[in-house]
Amino acid sequence: MTRSPRRIALIGLGEVGQVLANDLHRAEGVELCAWDRLFPVVGSEPQQAAAARTFLAAASELAEAVRGSSLIICAVTAGECRTAAEEAAGALIPGTLYLDLNSVSPRTRTEAARAIESAGGRYVEAAVMSPIAPKRIASPIWLGGSHAREFLSIAKSLGFAGSAVYSDTLGAASAAKMCRSVIVKGMEALLAESLLTARRHGVEDVVLASLEDLFPVGDWRKLARYMISRSLQHGRRRAEEMREAARTVAESGFEPWMSEGIVARQEWAAGQTSALGAEALVDMLDEMLTRTPAPDPAPEAAAEPPREALLR
């Protein structure tokens, strides 16, 4: 089988995959085929997204999407990164470019690359260094690995205007991404934990006001609602990413205490999606608090007898 020069396979049609599908469709002569493990699930978001995009061919299996493609773009979850690469390796044609957008540790990146390269594919590491929504396909993306430079011109022609070669060494861009994730996903977890506790005690206003002097970001209430909402909406995916961040920290010789705590808080947030409908921060917090009842107050300590009585 030969490769079609402008046939692109999208592995994963979640948030990132949908944005890329819409934007790549605008590139001249591009033929898009996609696969997502949730396609068979009627009513799932990927299944509905594929049905709504008539320009997109929905494959019944990963191998079907990969066969004949000149470029494979993988945007699954961090936990599926290596498995997706191994499956794609079994169907790709030697010489096929494999752009891996997943947020994973340098070691996981190396394992995925090994699978692709052993089948004759050309693996390109990609670290998305911002939320995908504002700039979409033009978001800042750091490329890495031995095939990054040859892919750059192709990337630009497809609309990846923010792409740049970070390093010829595989894993360097991923290390930067993982370290960034500890901060960004950590802020989401910190804001949720702090403000939920503050709201239960009725002190959220003074806590938010006190942050202005330390971090003058403008509207802390707006920022807090946005960051907490990202955890509610994508908590499971973020937890997988933070497991990879914890792995990165551990492989650097440090105990990933913070990263492991962020995993737990992100997983917890994924179960609070009912709060997403709240427009105001305080309403979002209140909805989350209704699902976590306050513990019973500790019993009051028995009063100590007067000192004079003890001296008798």
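In this predicted model, Glu-15 belongs to helix H1, which runs over residues 15–24. The side chain of Glu-15 makes a polar contact of 2.9 Å with that of Arg-237. With neighbours up to four places away in sequence set aside, the residues touching Glu-15 are Ile-132, Arg-230, His-234 and Arg-237.

Beyond four places in sequence, Arg-230 is in contact with Glu-15, Glu-188, Gly-235 and Arg-238.

**The chain as a whole**

The chain holds 12 helices and 8 strands. Its C-alpha trace spans about 100 × 45 × 35 Å along the principal axes. The chain has 312 residues, and 47% of them count as buried. Its accessible surface amounts to about 15600 Å², with 55% of that area belonging to carbon and sulfur atoms. Among contacts with a separation of 6 or more, 69% are between residues 24 or more positions apart.

**Nonpolar cores and a surface patch**

In soluble globular proteins, nonpolar side chains tend to be buried together. Here the largest nonpolar core contains 33 residues, and the members that touch the most others are Leu-24, Ile-73, Leu-99, Leu-101 and Phe-160. Another core, of 27 residues, lies apart from the largest one and includes Leu-62, Ala-84, Ala-113 and Ile-116.

Which residues surround Leu-101, leaving out those up to four places away in sequence? Leu-101 touches Val-16, Leu-20, Ile-73, Cys-74, Ala-75, Ala-126, Val-128 and Ile-141.

Phe-215 is placed in the loop between helix H8 (204–214) and H9. The relative accessibility of Phe-215 is 45%, so this residue counts as partly exposed.

**Salt bridges**

Side chains of opposite charge can pair when their charged atoms come close. The structure contains 21 salt bridges.

| Salt bridge | N to O distance |
|---|---|
| Arg-109 and Asp-100 | 3.4 Å |
| Arg-122 and Glu-150 | 2.6 Å |
| Arg-243 and Glu-267 | 2.2 Å |

The salt bridge between Arg-122 and Glu-150 links distant parts of the chain, with Arg-122 in strand E6 and Glu-150 in helix H6 (residues 148–158), 28 residues apart. Arg-122 counts as partly exposed because its relative accessibility is 23%. Glu-150, at 37% relative accessibility, is likewise partly exposed.

Arg-243 and Glu-267 meet through their side chains in a salt bridge. Arg-243 sits in helix H9 and Glu-267 in helix H10 (residues 257–269), so this pair ties together parts that are 24 residues apart in sequence. Arg-243 is partly exposed, with a relative accessible area of 40%. Glu-267 also counts as partly exposed, at 40% relative accessibility.

Beyond these pairs, a network of salt bridges connects Arg-82, Arg-107, Glu-111, Arg-247 and Glu-251.

**Backbone at Arg-136**

Most residues other than glycine have a negative phi. Arg-136 is not a glycine, yet its phi is positive, at about 55 degrees. Where does Arg-136 lie? Arg-136 is found in the loop between strand E6 (122–128) and strand E7 (141–144). With a relative accessibility of 29%, Arg-136 counts as partly exposed.

Note on methods:
Residues numbered from 1 in each chain as written. Predicted model: local features only at pLDDT ≥ 70, side-chain atom pairs only at ≥ 80, totals over all residues. Heavy atoms only, no water. Contact = heavy atoms within 4.5 Å. Helix = DSSP H or I, 4+ residues; strand = E, 2+ residues; numbered from the N terminus. Polar contact = N/O pair within 3.5 Å; in protein donor to acceptor, adjacent residues only side chain to side chain. Buried < 20%, exposed > 50% of the residue type's maximum accessible area, 1.4 Å probe, protein only. Core = buried A, V, L, I, M, F, W, Y, C linked by side-chain atoms within 4.5 Å. Salt bridge = Lys/Arg side-chain N within 4 Å of Asp/Glu carboxyl O. Areas by Shrake-Rupley, 256 points an atom, 1.4 Å probe, with all protein chains shown as cover.
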